[in-house]
Amino acid sequence: MMSALEVKNVSIFYGDTQAIWDISFSVKPGRLVALIGANGAGKTTTLKSICGLLPLRQGSIIYENQDISTMPVHEVADLGITLVPEGRQLFPKMNVEENLIVGSYLKRAKPMRAKNLKRVFELFPRLAERRKQIAATLSGGEQQMLAIGRALMQDPKLIMFDEPSLGLAPILVQEVFNVVKELHQQGLTIFLVEQNVHQTLKVADYCYVIENGRIVKQGTGKELEADESIREAYLGF
Ligand code: ATP
(Lines give C-alpha, C1' and ligand atoms only; values in the text may rest on other atoms or scores of the structure.)
Protein backbone atom coordinates (compact mmCIF):
# COMPACT_ATOMS: atom_id res chain seq x y z
CA MET A 1 0.00 0.00 0.00
CA MET A 2 1.19 3.52 -0.78
CA SER A 3 2.18 5.60 2.24
CA ALA A 4 0.39 8.81 3.14
CA LEU A 5 3.57 10.09 4.76
CA GLU A 6 7.09 8.90 4.16
CA VAL A 7 10.02 10.30 6.15
CA LYS A 8 13.29 9.18 4.59
CA ASN A 9 16.74 9.42 6.15
CA VAL A 10 16.05 12.75 7.79
CA SER A 11 18.67 14.59 9.86
CA ILE A 12 18.01 17.90 11.61
CA PHE A 13 20.35 20.31 13.33
CA TYR A 14 19.88 23.25 15.69
CA GLY A 15 22.91 25.30 14.72
CA ASP A 16 25.85 22.95 15.12
CA THR A 17 23.95 20.51 17.29
CA GLN A 18 22.40 17.50 15.64
CA ALA A 19 18.98 16.66 17.12
CA ILE A 20 17.75 14.05 14.61
CA TRP A 21 19.98 11.33 13.14
CA ASP A 22 18.97 9.71 9.88
CA ILE A 23 15.43 8.75 10.85
CA SER A 24 13.02 6.98 8.51
CA PHE A 25 9.41 5.98 9.03
CA SER A 26 6.10 5.85 7.21
CA VAL A 27 2.43 6.32 7.93
CA LYS A 28 -0.02 4.47 5.73
CA PRO A 29 -3.46 5.90 4.90
CA GLY A 30 -6.02 5.37 7.64
CA ARG A 31 -3.47 4.04 10.11
CA LEU A 32 -2.70 5.23 13.62
CA VAL A 33 1.08 5.33 13.84
CA ALA A 34 2.89 6.47 16.98
CA LEU A 35 6.28 7.85 17.86
CA ILE A 36 7.22 7.27 21.47
CA GLY A 37 10.21 8.46 23.43
CA ALA A 38 11.39 10.29 26.52
CA ASN A 39 11.79 14.03 27.10
CA GLY A 40 14.20 15.56 24.62
CA ALA A 41 14.36 12.47 22.41
CA GLY A 42 13.44 14.53 19.35
CA LYS A 43 9.70 14.01 18.99
CA THR A 44 8.67 17.66 18.69
CA THR A 45 11.58 18.35 16.35
CA THR A 46 10.37 15.55 14.07
CA LEU A 47 6.82 16.93 14.00
CA LYS A 48 7.99 20.46 13.29
CA SER A 49 10.05 19.27 10.35
CA ILE A 50 7.03 17.56 8.80
CA CYS A 51 4.99 20.79 9.16
CA GLY A 52 7.65 22.82 7.39
CA LEU A 53 8.73 24.63 10.56
CA LEU A 54 12.32 23.33 10.56
CA PRO A 55 14.69 22.80 7.64
CA LEU A 56 16.12 19.34 6.95
CA ARG A 57 19.88 18.97 6.81
CA GLN A 58 19.52 15.68 5.01
CA GLY A 59 16.78 13.38 3.73
CA SER A 60 13.28 13.97 2.46
CA ILE A 61 9.64 14.05 3.48
CA ILE A 62 7.10 12.75 1.00
CA TYR A 63 3.35 13.23 1.40
CA GLU A 64 1.01 11.49 -1.02
CA ASN A 65 3.85 11.08 -3.53
CA GLN A 66 4.79 14.77 -3.35
CA ASP A 67 8.11 15.98 -1.94
CA ILE A 68 7.25 18.47 0.82
CA SER A 69 10.77 18.69 2.28
CA THR A 70 11.16 22.40 1.52
CA MET A 71 7.51 23.42 1.36
CA PRO A 72 6.42 26.43 3.45
CA VAL A 73 4.16 25.89 6.46
CA HIS A 74 0.91 27.20 4.95
CA GLU A 75 1.27 25.04 1.84
CA VAL A 76 1.87 21.93 3.94
CA ALA A 77 -1.25 22.80 5.96
CA ASP A 78 -3.26 23.25 2.78
CA LEU A 79 -2.37 19.71 1.73
CA GLY A 80 -4.29 18.54 4.80
CA ILE A 81 -1.45 17.98 7.28
CA THR A 82 -2.46 19.36 10.67
CA LEU A 83 -0.61 19.51 13.98
CA VAL A 84 -2.20 19.60 17.41
CA PRO A 85 0.73 21.30 19.13
CA GLU A 86 2.11 20.55 22.55
CA GLY A 87 0.73 22.96 25.15
CA ARG A 88 -2.42 23.57 23.05
CA GLN A 89 -1.50 27.14 22.02
CA LEU A 90 -5.06 28.44 22.09
CA PHE A 91 -6.03 32.09 21.94
CA PRO A 92 -6.78 32.57 25.65
CA LYS A 93 -8.94 35.68 25.34
CA MET A 94 -11.10 34.33 22.52
CA ASN A 95 -14.09 32.14 23.22
CA VAL A 96 -14.46 28.50 22.20
CA GLU A 97 -16.21 29.19 18.91
CA GLU A 98 -13.76 31.93 17.90
CA ASN A 99 -10.82 29.59 18.57
CA LEU A 100 -12.46 26.97 16.37
CA ILE A 101 -13.15 29.43 13.55
CA VAL A 102 -9.46 30.44 13.55
CA GLY A 103 -8.70 26.86 12.52
CA SER A 104 -10.78 27.17 9.38
CA TYR A 105 -9.00 30.00 7.55
CA LEU A 106 -7.01 27.69 5.30
CA LYS A 107 -7.99 27.59 1.65
CA ARG A 108 -8.93 23.92 1.93
CA ALA A 109 -10.95 24.38 5.12
CA LYS A 110 -12.96 27.56 4.55
CA PRO A 111 -15.69 26.02 2.38
CA MET A 112 -16.05 23.23 4.97
CA ARG A 113 -16.41 25.54 7.98
CA ALA A 114 -20.05 24.88 8.84
CA LYS A 115 -19.76 21.13 8.30
CA ASN A 116 -16.59 20.86 10.37
CA LEU A 117 -18.00 23.00 13.18
CA LYS A 118 -20.95 20.66 13.38
CA ARG A 119 -18.60 17.68 13.43
CA VAL A 120 -16.50 19.19 16.25
CA PHE A 121 -19.55 19.96 18.36
CA GLU A 122 -20.83 16.41 17.83
CA LEU A 123 -17.49 14.98 18.89
CA PHE A 124 -17.20 17.35 21.87
CA PRO A 125 -20.66 18.18 23.24
CA ARG A 126 -18.96 20.05 26.12
CA LEU A 127 -17.49 22.51 23.66
CA ALA A 128 -20.92 23.06 22.15
CA GLU A 129 -22.33 23.83 25.60
CA ARG A 130 -19.48 26.25 26.23
CA ARG A 131 -19.18 27.82 22.81
CA LYS A 132 -19.24 31.38 24.20
CA GLN A 133 -16.86 30.68 27.10
CA ILE A 134 -13.42 32.34 27.06
CA ALA A 135 -10.73 29.72 26.35
CA ALA A 136 -8.53 30.73 29.31
CA THR A 137 -11.31 29.77 31.73
CA LEU A 138 -11.72 26.21 30.41
CA SER A 139 -10.31 23.27 32.37
CA GLY A 140 -7.11 21.62 31.12
CA GLY A 141 -9.07 18.75 29.61
CA GLU A 142 -11.51 21.09 27.86
CA GLN A 143 -8.61 23.12 26.49
CA GLN A 144 -7.06 19.98 25.02
CA MET A 145 -10.39 19.10 23.39
CA LEU A 146 -10.56 22.63 21.99
CA ALA A 147 -7.05 22.30 20.57
CA ILE A 148 -8.09 19.05 18.87
CA GLY A 149 -11.31 20.68 17.69
CA ARG A 150 -9.41 23.58 16.16
CA ALA A 151 -7.17 21.12 14.32
CA LEU A 152 -10.26 19.34 12.94
CA MET A 153 -11.51 22.71 11.67
CA GLN A 154 -8.49 22.65 9.34
CA ASP A 155 -10.10 19.66 7.61
CA PRO A 156 -7.06 17.40 8.06
CA LYS A 157 -6.30 14.26 6.11
CA LEU A 158 -3.31 13.55 8.32
CA ILE A 159 -3.58 14.74 11.91
CA MET A 160 -0.50 14.79 14.13
CA PHE A 161 -0.66 15.05 17.91
CA ASP A 162 2.24 16.30 20.03
CA GLU A 163 1.84 14.71 23.47
CA PRO A 164 -1.88 15.37 23.81
CA SER A 165 -2.10 13.70 27.22
CA LEU A 166 0.72 15.68 28.80
CA GLY A 167 -0.17 17.21 32.16
CA LEU A 168 -3.70 15.82 32.27
CA ALA A 169 -5.29 13.90 35.14
CA PRO A 170 -5.63 10.13 34.48
CA ILE A 171 -9.34 10.29 33.67
CA LEU A 172 -8.71 13.03 31.11
CA VAL A 173 -5.78 11.11 29.65
CA GLN A 174 -8.25 8.31 28.99
CA GLU A 175 -10.63 10.77 27.36
CA VAL A 176 -7.91 12.07 25.04
CA PHE A 177 -6.96 8.56 23.97
CA ASN A 178 -10.64 7.76 23.40
CA VAL A 179 -10.91 10.76 21.08
CA VAL A 180 -7.80 9.68 19.17
CA LYS A 181 -9.28 6.18 18.82
CA GLU A 182 -12.61 7.62 17.65
CA LEU A 183 -10.90 9.73 14.96
CA HIS A 184 -8.97 6.64 13.88
CA GLN A 185 -12.24 4.71 13.56
CA GLN A 186 -13.64 7.55 11.46
CA GLY A 187 -10.80 6.86 9.01
CA LEU A 188 -8.41 9.74 9.67
CA THR A 189 -4.71 9.05 9.24
CA ILE A 190 -3.03 9.73 12.57
CA PHE A 191 0.54 10.31 13.71
CA LEU A 192 0.61 10.31 17.50
CA VAL A 193 3.63 11.49 19.46
CA GLU A 194 3.51 10.48 23.11
CA GLN A 195 5.39 9.81 26.30
CA ASN A 196 2.50 7.80 27.69
CA VAL A 197 3.82 4.55 26.26
CA HIS A 198 1.38 2.31 28.06
CA GLN A 199 -1.73 3.91 26.53
CA THR A 200 -0.10 4.52 23.16
CA LEU A 201 0.85 0.88 22.58
CA LYS A 202 -2.77 -0.07 23.21
CA VAL A 203 -4.17 2.15 20.45
CA ALA A 204 -1.42 2.30 17.81
CA ASP A 205 -1.41 0.11 14.71
CA TYR A 206 2.34 0.60 14.45
CA CYS A 207 4.90 2.29 16.62
CA TYR A 208 8.39 3.76 16.37
CA VAL A 209 10.66 4.35 19.38
CA ILE A 210 12.97 7.35 19.34
CA GLU A 211 15.98 7.76 21.65
CA ASN A 212 18.53 10.56 21.41
CA GLY A 213 17.30 11.53 17.96
CA ARG A 214 17.46 8.01 16.53
CA ILE A 215 14.75 5.45 15.80
CA VAL A 216 15.90 2.48 17.84
CA LYS A 217 12.95 0.14 17.55
CA GLN A 218 9.68 -0.36 15.70
CA GLY A 219 6.79 -2.79 15.67
CA THR A 220 3.11 -3.21 16.29
CA GLY A 221 1.74 -2.10 19.66
CA LYS A 222 1.48 -5.76 20.68
CA GLU A 223 5.06 -6.54 19.65
CA LEU A 224 6.48 -3.62 21.59
CA GLU A 225 4.33 -4.38 24.64
CA ALA A 226 5.94 -7.80 24.71
CA ASP A 227 9.47 -6.44 24.20
CA GLU A 228 11.54 -6.75 27.35
CA SER A 229 13.68 -3.64 26.82
CA ILE A 230 10.57 -1.55 26.13
CA ARG A 231 8.89 -2.90 29.25
CA GLU A 232 11.90 -2.06 31.36
CA ALA A 233 12.57 1.39 29.89
CA TYR A 234 9.03 2.68 29.39
CA LEU A 235 6.49 0.54 31.17
CA GLY A 236 8.30 0.03 34.45
CA PHE A 237 7.74 -3.74 34.68
P1 ATP B 1 9.83 16.98 24.86
O2 ATP B 1 9.08 15.86 25.39
O3 ATP B 1 10.65 17.69 25.90
O4 ATP B 1 9.07 17.91 23.97
P5 ATP B 1 11.02 15.93 22.46
O6 ATP B 1 11.23 14.47 22.30
O7 ATP B 1 9.89 16.53 21.75
O8 ATP B 1 10.97 16.28 23.98
P9 ATP B 1 12.65 17.86 21.10
O10 ATP B 1 11.94 19.03 21.67
O11 ATP B 1 12.40 17.49 19.72
O12 ATP B 1 12.38 16.60 22.02
O13 ATP B 1 14.20 18.08 21.34
C14 ATP B 1 15.21 17.22 20.77
C15 ATP B 1 16.58 17.78 21.08
O16 ATP B 1 16.78 19.02 20.40
C17 ATP B 1 16.83 18.08 22.55
O18 ATP B 1 18.17 17.74 22.84
C19 ATP B 1 16.60 19.56 22.66
O20 ATP B 1 17.38 20.12 23.70
C21 ATP B 1 17.06 20.06 21.31
N22 ATP B 1 16.34 21.28 20.92
C23 ATP B 1 14.99 21.41 20.77
N24 ATP B 1 14.65 22.65 20.38
C25 ATP B 1 15.81 23.34 20.27
C26 ATP B 1 16.16 24.66 19.89
N27 ATP B 1 15.22 25.55 19.53
N28 ATP B 1 17.46 25.01 19.90
C29 ATP B 1 18.40 24.12 20.24
N30 ATP B 1 18.17 22.86 20.60
C31 ATP B 1 16.90 22.45 20.61
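Predicted model: local features only at pLDDT ≥ 70, side-chain atom pairs only at ≥ 80, totals over all residues.
Reader: Which residues come nearest to the ligand?

Author: A ligand shell is read as the set of residues around the molecule. Here there are 13 residues around the ligand, and Gly-40, Gly-42, Lys-43, Thr-44 and Thr-45 come nearest. Helix 1, residues 43-51, gives the largest share of the shell, three residues.

Reader: How many residues of the shell are nonpolar, polar and charged?

Author: Four are nonpolar, six are polar and three are charged.

Reader: Which polar backbone atoms lie by an oxygen atom of the ligand?

Author: Distances between polar atoms are read pair by pair. A polar backbone atom of Ala-41 is 3.0 Å from an oxygen atom of the ligand, and one of Gly-42 is 2.8 Å from a ligand oxygen. On the side-chain side, a polar atom of Glu-86 lies 3.3 Å from an oxygen atom of the ligand. The ligand on its own has 630 Å² of accessible area, and the protein covers 57% of it.

Reader: Where does Asp-67 lie, and why is it classed as partly exposed?

Author: Asp-67 lies in strand 5, residues 66-67. The class follows from relative accessible area: Asp-67 is partly exposed because its value is 48%, and the class runs between the cut-offs of 20% and 50%.

Reader: What does Asp-67 touch, leaving out residues up to four places away in sequence?

Author: Asp-67 touches Ser-60, Ile-61 and Ile-62 on that count. Its side chain also makes a polar contact of 2.5 Å with the side chain of Ser-69. As for Arg-88, 21 residues from Asp-67 along the chain, the two C-alpha atoms are separated by 28 Å.

How values were computed
Residues numbered from 1 in each chain as written. Heavy atoms only, no water. Helix = DSSP H or I, 4+ residues; strand = E, 2+ residues; numbered from the N terminus. Buried < 20%, exposed > 50% of the residue type's maximum accessible area, 1.4 Å probe, protein only. Contact = heavy atoms within 4.5 Å. Polar contact = N/O pair within 3.5 Å; in protein donor to acceptor, adjacent residues only side chain to side chain. Near = heavy atom within 4 Å. Areas by Shrake-Rupley, 256 points an atom, 1.4 Å probe, with all protein chains shown as cover. Nonpolar A, V, L, I, M, F, W, Y, C, P; charged D, E, K, R; others polar.
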